[in-house]
Each structure stands twice: as structure tokens, then as C-alpha cells.
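Good morning, and thank you for coming. I would like to guide you through one structure, taking its sheets in turn.

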Amino acid sequence: MPERKRVAVLADSDTRWKWGATTARRLVPDHQLTGYLLRGRATPTARQLGEVGVRADRLAEVTCAEFLAEIERERYDVVVLALVGGAVQAVVHGARALWPTPARRPVLVTGYVGVVYEKLADGLLLRHGADLVLANSRHDAERFRAVYEGVGADAGAVTETALPFLGGAPYEPAGSRAHTVVFAVQPSVPDSRADRAYLLERAARHARKHPDREVLIKLRSKPGEHTTHLEEQPYQRLAEKIPGGLPANCRLVYGNMGEVLDGTDLLVTVSSTAALESLHRSIPTAVLTDLGIREALGNHHFLGSGCLASWDQLDAGLLPEGDPVWLAAQGVRTPGAPSPADAGPAGGPASAVPGAAAGGDAYAVARAKVAGLLAATRLPSPAPYYTLTTASGYLPGILARHRLAPDGRPLPGTARQEAGESRLRRRLRAHLREAARGAYRHGVQRVAPVIRRLGEL
């Protein structure tokens with residue numbers, strides 16, 4: 001029996017852990033998974049990790065320098081970097097310093113956790129140097145290659161796949177159960193208190209107009225917890241300000257998005273990746289236009305999708321349907337197409353494996369690339385586009401934020417300093433999280449974000 005491959009996932013938030021761990025499953029179905037959480041603002045809590053529902057054989061919280069020491073010592077076969085662009089670039093340069101010449105090293109994989117609607121060039125160039133840069137659709141793959149080719153960088157790492165957590169049973173109408181509308185909120189879109197209060201009030205108004213429906217406000221985190229994006233105006237607090245409170249058929253909920261979608265008849269959002277999960281299952285999906293169609297909101301990504309709609313239209317009974325051509329370009333199953341589960345890799349849960357619009361296995365090419373790299377005796381040193389030659393005024397600052405020198409090596413004294421700080425930092429973060437929760441509970445809303453930011457220092 002072949003030996004199980006050793007895979008490490010480094011993630012910096014709950015959603016990126018979900019993406020990284022499920023990506024590892026698709027790329028290397030038979031593996032031993034070790035999880036690492038990058039210490040920082042968005043380091044997820046045990047509750048958040050449990051809600052994601054993807055477990056590792058081992059899980060540890062680390063700094064960038066500590067992770068680099070781990071991958072040098074542990075000799076992983078594949079390393080999935082589920083991080084913001086700057087952190088990916090730091091690890092790539094760190095790996096370049098560890099293996100400056102062709103060597104037996106891990107295959108480096110990175111990508112995006114969802115819809116890419118901002119910082120396209122910046123984020124992609126910071127990810128350049130990984131062996132595979134995964135694109136969640138044909139649309140994204142074409143854009144990614146154009147960026148790399150536009151600066152004269154090698155675009156060979158760009159590999160078309162699909163969001164790894166697309167799956168679940170196709171939608172079936174409610175039948176005898178209550179029609180359920182789910183408003184999937186986002187931590188920072190929109191960001192203003194007025195806009196967020198407006199959207200919440202419209203969800204509550206929809207519940208009042210349709211007393212036979214259940215309206216669920218799907219939240220990402222509890223007060224004091226961290227997410228990929230900072231949530232300055234949590235819906236929990238805004239709900240307390242609604243005159244008379246939320247109607248009886250409207251409530252706040254948490255939980256795994258896939259499980260929530262199992263009972264959803266209409267998914268409503270501004271621009272959440274949950275829209276793609278919903279569309280993949282042929283659930284009626286509305287991307288709100290109430291606040292305009294703007295790049296800052298991310299809903300411009302859904303132009304041509306057939307899903308753009310307002311609360312007024314939803315109140316009147318509209319159930320949007322996704323456009324098949326747009327869905328196919330986004331790597332989402334089109335209505336009536338065979339389930340991509342039919343072509344899933346052996347050993348994995350077939351119902352959770354995404355695929356091309358026509359029912360193919362979207363990860364076949366990526367798996368083949370990884371297998372080819374693993375079969376090589378030696379891999380070349382990582383070759384990022386950003387170097388001291390191409391970005392001497394940008395790169396050193398990115399690396400310094402992760403306590404790496406411009407050559408990618410840990411700054412002098414980093415290991416000793418981090419070891420001394422780690423215990424104190426863990427205790428301090430625990431106290432600050434509790435203080436932030438207390439501030440929210442007592443309504444000191446302006447103080448809570450300040451307390452949370454202290455935990456980042």
C-alpha cells in the first residue's frame with residue numbers, strides 16, 4: 001500500500017482554513033493533514049473551527065518563522081497556503097531561503113477563498129512563486145494568466161479548479177416545510193452602520209410581509225471573535241436597535257453554511273461567496289442592488305449572473321435564476337447538468353467534490369500537476385516575481401511584517417523573541433477577546449474594535 005502523503009495547511013482565518021483544508025482533500029485525497037494557524041488578528045477560535053467542520057490530524061498556532069522551521073524539519077509533501085497575499089509572499093521567500101537550489105522540498109499551493117473582486121493584480125503578484133496558484137473558475141484563470149503575462153512573469157502555476165467546498169444535494173422546493181429565506185451577511189460589506197441597519201431592517205420587513213416564511217440572518221462570528229475581515233458593526237448589536245425587535249419568524253443563526261443551505265429556498269446576500277455555493281445547488285439566489293452595484297460592494301462581480309435583485313423585488317415574490325452561461329464561466333454547476341460528484345477522486349466524499357459545469361472533475365488537472373511535482377527527484381527553488389530587483393521599495397516591508405529579512409531568512413533574534421512572547425501573547429489575546437465580548441454585551445460598541453486591535457500588536 002502506498003504511503004500516505006503528508007500535507008500541511010497554513011491558514012490565517014476561519015474561512016481560509018475551510019478553503020485550505022478542503023483544497024488539500026481535493027488535491028491529495030489520501031493524506032495526513034497537519035493544520036497551522038498563522039498568529040494574527042483573524043486567528044480563529046475553537047468554535048469557529050468547529051463550525052467549519054474540517055478537522056486536522058494535528059493543529060498548532062504559529063508565526064511565519066515558526067512555520068518555516070516546521071516545514072524544513074517535518075518534510076511535508078504538499079503545503080497549502082490559505083493566506084492573504086502578503087503572508088503567502090513571506091512564506092514563498094522563506095521557502096526560497098530554505099531551498100536556494102533545486103532540492104527535495106514541498107509542493108507549494110495557494111489560491112483564493114472565494115470571489116476575487118478587488119486587488120486583483122496586487123493579490124496575484126504576491127502569490128506568484130507558489131508551484132500552483134489555483135483559480136476557482138475559467139473566468140478567474142484567464143484573468144490570473146493575463147496579470148502574470150502582463151508583467152512578464154511565468155503564468156504556468158495558474159491552474160483552473162473550482163471552489164473546493166461547492167457541493168451538497170441539488171435544491172428541492174420546500175413542499176410542506178416553511179419557505180426559508182437566508183440573508184448571508186458579510187463582516188465588512190457594506191461597512192457603514194446605516195447601510196447594515198438598512199439591510200437588516202429590510203430582512204425584518206420581508207419577514208413581516210411574509211409571515212408564512214422563515215427569515216434567517218446567517219452570521220459569520222460572535223461578538224469578540226475574528227474573521228477574515230474586521231466587523232465594526234455586528235448585526236447582533238444592530239438587531240437590538242430595531243423597534244419592537246425582530247419579528248417572530250426572523251432570527252439570527254450561526255452554523256456551517258452547507259448545512260444552512262440544506263433548508264434554504266432563497267439565498268440573499270450583497271456579494272458573499274455563499275452565493276456561489278447556493279447557485280451550485282440551484283437554490284434561487286439574490287445579489288442585492290439596494291445599495292447600488294459598486295466595486296466597493298463586490299456585487300459588480302455578479303453582472304450577467306441573472307441574480308441581481310432588490311428587496312422590493314424579493315418582497316413582490318421574485319425568485320432569481322442563475323444564467324447558465326455565467327454559471328459555467330464561474331465553475332458552478334448549471335441547472336440540469338450532472339453533479340460533479342459523479343467524477344470525484346477515489347477515497348473522498350463524492351457529494352462534496354466540485355467539477356466543471358458539464359459534470360467533469362474540476363481538480364483533475366491540479367491533482368495531475370501535484371502528482372507530477374511529487375514524482376520529481378528535486379524541485380527548483382521558488383521563483384517569485386517580487387524580488388529586491390523588481391520591487392525593492394515594496395518587498396522588504398512585506399517580509400518585515402512577518403519578521404523576515406529581505407533575503408527571506410528570519411530576522412536575527414526572531415526565534416528567541418517569538419518563543420518568549422508566545423505564552424504572554426496567548427494569555428493577552430484570551431483576555432482581550434473576553435474584554436471585547438464584554439464590551440459588546442454592555443453596548444460599548446466603539447470600544448470593542450479598539451480592544452480587538454490591541455490583540456494584533
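Seven strands make up an open sheet, ordered β3-β2-β1-β4-β5-β6-β7, and their pairing is parallel. At the edges stand β3, residues 58–62, and β7, residues 158–160; each has a single partner strand, so one side of each is left without a neighbour in the sheet. On average, neighbouring strands here are turned by 25° against each other, direction ignored. Please bear in mind that what you see is a predicted model.

Glycine 111 has leucine 134 in β6 as its bridge partner.

Which strands does helix α4 lie across? Helix α4, residues 85–98, lies across β1, β2, β4 and β5, and runs at about 150° to β4. Another helix, α13 (residues 364–375), lies across β1, β4, β5, β6 and β7, with an angle of about 175° to β6.

Let us turn to the other sheet. Six strands form an open sheet in the order β10-β9-β8-β11-β12-β13, and here too the pairing is parallel. The edge positions belong to β10 (250–253) and β13 (308–309); each of these has a single partner strand, so one side of each lacks a neighbour in the sheet.

Helix α7, residues 193–209, packs on this sheet and touches β8, β9, β10 and β12, while its direction makes about 160° with that of β9. Together, β8, α7 and β9 make a right-handed β-α-β unit.

Residues 179–184 of β8 pair with residues 213–218 of β9 in the parallel sense, over six bridges. Histidine 179 stands opposite arginine 213 in β9, and alanine 184 has lysine 218 in β9 as its bridge partner. Strand β11, residues 266–269, is joined to β8 by four bridges, and the two run parallel. In that pairing, valine 182 stands opposite leucine 267.

Thank you for your attention.

How values were computed. Residues are numbered from 1 along each chain as its sequence is written. This is a predicted model: local features need pLDDT of at least 70, side-chain atom pairs count only at pLDDT 80 or more; totals for chains, interfaces and linings use all residues. Side-chain values use heavy atoms; hydrogens and water are left out. Two strands pair if DSSP finds at least two bridges between them. Axes are lines fitted to C-alpha atoms, for helices over the stretch in contact, and angles run from 0 to 180 degrees between N-to-C directions. Contact means heavy atoms within 4.5 Å. A crossover is right-handed if, with the strands pointing away from the viewer, the path from the first strand over the helix to the second runs clockwise.
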